[in-house]
Amino acid sequence: MVFSSVIFIWVFLPIVLIAYYAMAAIFRNSKDRGQRAKNIVLLVSSLAFYGIGGYKYLLLLLGVLAVNYVGGRLVDKGADKKQKVTALTATVILNLGALFFFKYLNLFVRIYDNVTYAAGGNATWGDSFKNIMSLESTGQLEFVDIVLPIGISFYIFQSISYVVDVYRKDAEVQRNFFDFSLYVSFFPQLIAGPIVKYSDVDAAIRGRKESVALFGDGVGRFIYGMAKKVLIANTVAVIADDIWKISPNSLGASVTWLAAVCYTLQIYFDFSGYSDMAIGLGKMFGFEFKENFNYPYISGSVQEFWRRWHISLSTWFREYVYIPLGGSRCSKGKLLRNIFIVFLLTGVWHGANFTFLLWGLMYAVLLMAERMFLGKILSKKWVKPIAHIYTLFAVIIGWVLFRSDNIVYAFGFIKKMFMAGNGEYSVFSFINVRSMIAIVAGIILSLPIYSGLRKKIDSLPQKARGVLSVIETVWQMVLLAYSILVIVSGSYNPFIYFQF
């Protein structure tokens with residue numbers, strides 16, 4: 001189930017909201033019982049939300065919940081540091097073991113399959129290497145691919161952060177299994193984040209206060225997120241997908257750049273739209289999640305880009321990998337090592353594909369260069385326009401790696417981006433008026449225009465703010481109606497980050 005679906009908007013969400021606020025009304029004179037009842041509604045709803053994808057996935061989620069709940073208790077109750085470290089290590093290994101099995105075992109089996117096939121004299125090493133890069137299997141092992149459970153990387157990382165924070169005393173252990181389960185499995189951020197630290201929602205789980213204003217903010221945020229996803233991301237995604245289905249040999253520079261720009265817009269509006277919807281849903285139930293995006297495409301350096309893009313993941317790697325390795329408070333050699341490790345892991349986190357590995361390594365190299373010398377040059381005032389171009393260029397090339405099915409295709413695609421010739425297709429074979437509007441709107445909305453307008457509106461007299469608030473509400477209703485109409489009439493509606 002996705003947020004931008006008819007069943008979620010018209011069935012699931014209304015039922016959950018009615019049940020939730022019914023519990024709040026029934027137990028309004030008993031704060032503790034009311035909180036417990038509301039939490040149970042959210043937990044049951046969250047498990048149902050995830051279980052719709054298949055009971056096997058739900059069993060895996062329940063297993064992860066049990067392991068990390070017990071792990072947190074053991075880390076907290078350990079008699080000495082050695083016991084605490086043992087409990088922490090065992091819990092982290094179990095988490096990463098599950099992640100490896102479901103996410104990366106297929107890749108290692110393919111590598112082993114091709115290597116043994118070549119070693120047996122059945123193929124040349126060159127052909128085997130090409131097969132590995134293309135993620136193809138010889139079939140000799142008759143191995144059935146393991147299906148990746150949706151959202152596993154997000155809830156595994158969130159669980160690890162909880163156990164580590166309990167060990168560090170940065171968070172209190174949660175002794176109630178149901179409240180802990182709600183923290184990990186809360187449906188707004190279960191499948192694609194943002195990754196939430198337990199300390200950020202502990203107080204809200206134990207006791208929160210809903211309000212009409214917070215609920216209204218949540219509804220508005222949800223609508224804007226859905227419009228981002230449905231009206232922009234889905235529209236440009238059709239162009240990107242259609243072009244990526246074609247062999248690079250048949251493409252020209254103009255078409256490959258069109259696809260690259262469309263995917264650059266798609267992944268931003270798809271993922272930031274989901275994050276907006278998640279944050280909005282959280283507000284509807286009294287939770288405040290931190291922002292996950294901050295206009296990343298206006299960045300003047302790769303370092304700045306990663307401060308603005310997928311903030312919860314960047315924060316996770318900084319707090320649980322980069323800083324424990326020494327962060328920036330170490331020798332330059334160790335600093336570069338730390339950057340390399342973090343972005344190698346960032347690439348690997350996204351999936352078992354050499355494209356993700358190379359994507360992470362590309363950013364590692366750029367960030368190391370910025371740390372050594374490039375950052376000082378980019379920070380100069382007269383270089384800023386060039387700095388923005390350099391950053392956006394690096395990001396777009398990175399997204400080509402990220403989007404391609406394998407390394408062979410990615411290299412062929414990038415090569416065509418810088419070759420003269422039109423290929424067999426014209427850009428007008430893929431775009432129409434609607435898609436052109438979506439591209440232009442996407443470019444404009446990638447800039448902090450709305451946030452600037454909000455600041456000016458907030459500084460206006462109360463009467464003027466009231467009038468503009470009514471206008472915005474009407475605009476939100478129009479967006480909601482049109483988005484639902486597009487959802488009902490269309491068929492393309494996946495979220496990119498569900499696969500991670």
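1. In this predicted model, the axes of helix H7 (residues 152-168) and helix H14 (residues 311-322) come within 12 Å and cross at roughly 35°, where axes are lines fitted to C-alpha atoms, for helices over the stretch in contact, and angles run from 0 to 180 degrees between N-to-C directions. The crossing of H7 and H14 is left-handed, a term that applies if the near helix is turned anticlockwise from the far one by less than a right angle. Helices here are DSSP runs (H or I, at least four residues), numbered from the N terminus.

2. On the H7 side, Phe157, Ile160, Ser161, Val164, Asp165 and Arg168 meet Leu313, Trp316, Phe317, Glu319 and Tyr320 of H14, with contact meaning heavy atoms within 4.5 Å. By class, this contact of H7 with H14 holds seven nonpolar, one polar and three charged residues; Ala, Val, Leu, Ile, Met, Phe, Trp, Tyr, Cys and Pro count as nonpolar, Asp, Glu, Lys and Arg as charged, and the others, Gly among them, as polar.

3. As to how the model was treated, local features need pLDDT of at least 70 and side-chain atom pairs count only at pLDDT 80 or more, whereas totals for chains, interfaces and linings use all residues. Residues are numbered from 1 along each chain as its sequence is written, and side-chain values use heavy atoms, with hydrogens and water left out.

4. The largest pocket has a volume of about 1,700 Å³; on a 1 Å grid over the protein atoms alone, a pocket is an open set of points with protein on both sides within 12 Å along at least five of seven lines, a cavity is a set where a 1.4 Å probe fits but cannot get out, and lining residues have an atom within 4 Å of a point. Grid points are joined across faces, edges and corners, and a volume is the space filled by probe spheres set on the points. Of the 49 residues lining the largest pocket, Tyr224, Leu445, Tyr450, Glu472 and Trp475 are the closest to its centre. Two or more lining residues come from each of H11 (212-244), H12 (253-284), H19 (433-445), H20 (449-458) and H21 (462-489), and the lining divides into 25 nonpolar, eleven polar and 13 charged residues.

5. A search of the whole structure finds one cavity of 30 Å³ or more, and about 50 Å³ of space lies in the largest cavity. Its lining consists of Gln158, Leu182, Tyr183, Phe186, Gln189, Val196, Val201, Ile205, Phe287 and Phe289, with H8 (177-185) and H10 (198-206) each supplying at least two residues. By class, the lining of the largest cavity has eight nonpolar, two polar and no charged residues.

6. Some backbone features deserve a check. The peptide bond from Gly193 to Pro194 is cis, with omega near 5°, and Pro194 is found in the loop between H9 (187-190) and H10. Leu135, in the loop between H6 (125-133) and H7, has a positive phi near 60° although the residue is other than glycine. Tyr295, in the loop between H12 and H13 (302-308), likewise has a positive phi, near 45°.

7. Tyr295 is buried, with a relative accessible area of 17%, where buried means under 20%, exposed over 50% and partly exposed in between (1.4 Å probe, protein chains only). Ser275, found in H12, is buried at 2% and, leaving aside its neighbours within four places in sequence, is in contact with Asn292 and Phe293.
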